[in-house]
Amino acid sequence: MTDQPNDPNIKLVAAPQETPSALMMWLGMADNSFTRQKTVKFGDPSAVNSGRLWSFVTVIALLLLWWVSTSQGWVKPIYWPSFEAVGKRITKLLDQGFRNTALWEHVFISVYRVLSGVFFGALVGIPLGFAMGLSSTARGLFDPIVEFMRPIPPLALIPLIILWLGIDETAKITLLFLAALFIMIIAARSGVSGVKISKVHAAYSLGASKFQVLKNVILPNALPEIFTGIRTAMGVCWGTVVAAELVAAEKGVGSMIMIAKNFLQTDTVVIGIIIIGLIGYAIEMIMRLLERWLIPWRGKG
Amino acid sequence: MTGANHNGLVVDDVSMVFTLPGGGSVHALNNVSLDLKSGELLSVLGPSGCGKTTLLNIIAGFLAPTVGAVFLNGKQVVGPDAERGMVFQQGALFEWLNVRKNISFGPRMAGKPAKETNEKVDHLLNIVGLGDFGDKPVYQLSGGMQQRVALARCLANEPDVILMDEPLGALDALTREKMQGLVLKLWKETGKTIVLITHSVEEALFLGERLIVMAPRPGRIHKEYNLPFAERGLTDSPREIKASHDFIEKREEILSMIWEMEEEIMGGADT
């Protein structure tokens with residue numbers, strides 16, 4: 001295989017270079033045909049390829065280190081479990097659950113808390129952000145609260161929430177609601193403020209009323225920012241729910257690893273951490289897919 | 001001149017002084033008067049900072065003049081309205097809507113029956129040469145095509161006056177010439193009053209039945225022309241007109257006029 005053009009009228013003067021195989025390119029061991037034509041590569045971000053081979057090296061090395069260090073007894077099982085222990089524990093967890101609760105239920109309850117928090121945060125935050133972006137009165141009224149609350153990590157609110165609402169489900173969802181609320185207010189506000197004035201002018205000149213401009217121009221124009229807000233809120237709430245469950249909870253992935261720690265079940269702790277990472281990653285990926293599907297015009301205005 | 005008794009578009013002794021938030025003020029327009037009969041095409045030229053866009057924004061109703069008033073068919077302009085349509089330079093299309101929905105925006109907002117609107121959109125799509133592009137998202141179109149959509153969107157609303165703020169300014173030279181032909185064609189077919197702001201002397205000459213050259217600081221009308229080229233452009237080839245002797249003569253005259261103004265402005269600075 002060569003890169004020679006198929007047009008018979010074009011004759012290459014120099015002999016075409018041998019093209020690297022698709023596998024080599026996939027592994028990042030060879031640049032794609034476009035990058036190969038570049039003479040300036042250092043400093044050109046698009047000339048940096050995936051380097052996938054090295055990613056495999058990293059993953060395999062880490063797994064190898066895990067296997068050797070535990071099987072050789074370099075680390076005690078209480079600090080880091082062996083492969084076999086983790087495998088056995090997973091089977092057991094899937095089979096019997098953890099503390100009379102199925103594993104999927106621990107995961108489900110955490111995800112449910114996050115979704116509820118983000119839902120109510122968006123429900124209250126989006127209209128508030130719109131009001132702040134559109135009305136001086138609303139901006140004046142809520143600005144001190146929003147600017148004051150914005151830098152406070154949601155975790156710092158846990159003691160107050162426990163004092164006010166105890167440790168039941170309402171308390172957790174309230175905490176996540178607060179974590180999502182200010183992110184959503186700020187996202188909606190900046191979405192509204194980001195509208196190009198020529199679009200608003202165009203709509204008025206086409207005879208739209210104020211309400212029609214709000215519904216047909218300002219709202220759709222703000223959707224990409226609102227979606228970014230939801231994505232950020234999901235990420236922050238996922239981190240917050242795990243931490244909140246570490247403090248006080250009967251169920252949920254966070255509580256699972258905290259309780260497991262008390263029984264020195266390091267393997268359960270590690271499994272929990274892996275689950276937390278996977279779910280966080282899955283949330284991010286699902287949100288990106290949704291975004292591409294729901295807001296295809298993003299960044300094309 | 002009082003616009004209240006006139007048919008057509010009347011700009012009656014308009015002055016505009018912008019008060020800056022940090023103190024101070026900018027005198028953007030000084031005693032500008034215009035009288036446009038229904039169906040006239042006026043192009044507005046001038047060096048940057050001469051208040052062209054301010055004038056257009058006042059006619060559109062986005063700005064209230066400090067002194068004077070604008071009248072359309074005897075009615076004073078107090079805000080934006082469907083009777084005065086706008087075509088912006090670029091980026092004023094609604095990127096979340098497809099081509100059809102962009103064009104039908106005005107009729108839909110007015111609650112016109114869907115069937116009638118659909119037929120109108122079909123008709124307009126053909127006129128602007130986008131018959132096959134109705135269901136495409138606007139961001140997939142080229143710059144020239146997007147401006148065709150902007151023109152069609154404006155026409156779908158059947159305004160009395162079309163205000164164009166550098167509508168072809170961001171297009172490449174070839175597309176721009178083609179679009180000038182389209183603007184002429186639409187002007188002839190619809191008989192709309194058009195106010196066109198442009199930086200291009202050639203475009204102003206070619207499209208403007210009437211042309212005003214504005215001078216800066218404060219923005220005012222410097223010179224006014226009545227031109228034959230737009231009328232000729234309806235029948236003759238644009239290239240021929242633009243190469244003709246009297247066209248070139250006018251072009252050079254106006255260019256040196258604008259150059260002089262620019263030099264006057266720059267005279268104060270060390271350039």
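I began with the largest nonpolar core of this predicted model. It has 130 residues, and those touching the most other members are A:A180, A:M184, A:C237, B:I59 and B:V195. A reminder to myself: nonpolar side chains in soluble globular proteins tend to be buried together.

Next I picked B:I59 and looked up its contacts, leaving aside neighbours within four places in sequence. I found B:V11, B:V70, B:V77, B:R84, B:L163 and B:V195.

I then followed β6(B) to its parallel partner β7(B), residues 161–165, and noted four bridges between them. Here B:M86 stands opposite B:L163, and B:L163 is also on my contact list for B:I59.

Then I turned to strand β9 of chain B, residues 210–215. Five of its six residues are buried, so the strand is largely enclosed by the rest of the structure. On the parallel side, β3(B) (residues 41–45) joins β9(B) over four bridges, with B:S43 opposite B:L211. β10(B) (residues 220–226) pairs with β9(B) in the antiparallel sense over six bridges, and there B:L211 has B:Y225 as its bridge partner. I also checked the hairpin turn between β9(B) and β10(B): it holds four residues, and B:R217 there has a positive phi of about 55°.

Last, I looked at where the chains meet. Chain A gives 17 residues to the contact and chain B gives 20. On the chain A side, α9 (197–205) and α10 (210–247) each give two or more residues, with the largest share, six, from α9(A). I sorted that side into eight nonpolar, six polar and three charged residues.

Note on methods
Residues are numbered from 1 along each chain as its sequence is written. Chains are lettered from A and ligands numbered from 1 in the order in which they are written. This is a predicted model: local features need pLDDT of at least 70, side-chain atom pairs count only at pLDDT 80 or more; totals for chains, interfaces and linings use all residues. Two residues are in contact if their C-beta atoms, placed from the backbone, lie within 7 Å. Ala, Val, Leu, Ile, Met, Phe, Trp, Tyr, Cys and Pro count as nonpolar, Asp, Glu, Lys and Arg as charged, and the others, Gly among them, as polar. Two strands pair if DSSP finds at least two bridges between them. A nonpolar core is a set of buried Ala, Val, Leu, Ile, Met, Phe, Trp, Tyr and Cys residues joined through C-beta atoms within 7 Å. A residue is buried if 20 or more other C-beta atoms lie within 10 Å of its own, exposed if 12 or fewer, and partly exposed in between; C-beta atoms are placed from the backbone.
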